[in-house]
Amino acid sequence: MYEKIFDQDIEKKMERFFVDNLADYGKIETFKKGELINPSHPDNIYIIIKGEVNQIMYSKKGDEIIFYRMTEGSIFGEIDFFERNRTFVVIKAVTDGQLSVVHREMIENKLKEKPKMYEYFLSSIIRKYRVVTVELANFQFNNSIGKLADFFIRLYYTESINSKNNISIILTHEEIANRIGLNRITVTNGIKEFKDKGFIEMKDRKIIIKDIEGLKTLTNIPI
């Protein structure tokens, strides 16, 4: 299921499209690791030129939940843009980086010139919807080990960069915990269990999936 939902060829094509066809028309801004990017209005779309960010939400008590990570070529702000309403999520920089900030007037002009651009915006929105949907299913159907296994399975289908099954992003145990609603100790213990069983391996702080089928036996989601 995940392989079809998170088609990497479509994802890379979408990211390349925004960089090649829209980024040059925006204002270039830089951001620092740990910086919060909280747009005050829905009239811009942001294209990540360099670096990585998380889309997150804070509770009243300051608890953090991470919806997904975005890397070079990804966009954010498109849902607010088309709805014309600023939502509750914010962006937190994972690394130093650079954005192209494209204003509504320019985007609307480009949409008239290239109506196919709507298709790419829709693909971006649908992918984010799917990420949230499967994370809700993971929360409802799985125990803590199943949640962690499902998370790694999704990374396998969305972030693998070569035949060695390296996951291209570096995640701390705390960040993983925030992504799937567990505490850090549970994540640390679960990762140790997966390593002991030969399901995953850690190298240079990156995750290598060694046995994807073994991980699948631990989750209650039909994949």
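Reader: With which side chain does the side chain of Arg 154 make a polar contact?

Author: With that of Glu 135, at 3.2 Å. A polar contact is a pair of N or O atoms within 3.5 Å, one able to donate a hydrogen and the other to accept it; residues adjacent in sequence count only if both atoms are side-chain atoms. This is a predicted model: local features need pLDDT of at least 70, side-chain atom pairs 80 or more, while totals for chains, interfaces and linings use all residues. Residues are numbered from 1 along each chain, and side-chain values use heavy atoms, without hydrogens or water.

Arg 154 lies in helix α6, residues 144-159. Helices are DSSP runs of H or I, at least four residues; strands are runs of E, at least two; numbering starts at the N terminus. Arg 154 counts as buried because its relative accessibility is 6%. Buried means under 20% relative accessible area, exposed over 50%, partly exposed in between, with a 1.4 Å probe and protein chains only.

Helix α4 (104-113) also has buried residues: Arg 104, Ile 107, Lys 110 and Leu 111. They sit on the same side of α4, because their arc around the axis is only 130°. That arc uses directions from the helix axis to the C-beta atoms. The buried residues of α4 pack against β3 (44-50), α3 (78-83), β8 (97-103) and α5 (117-141). Contact here means heavy atoms within 4.5 Å. Glu 105, Lys 112 and Glu 113 are exposed on the face turned away.

Now the whole chain. It has 9 helices and 10 strands. Of its 223 residues, 47% count as buried.
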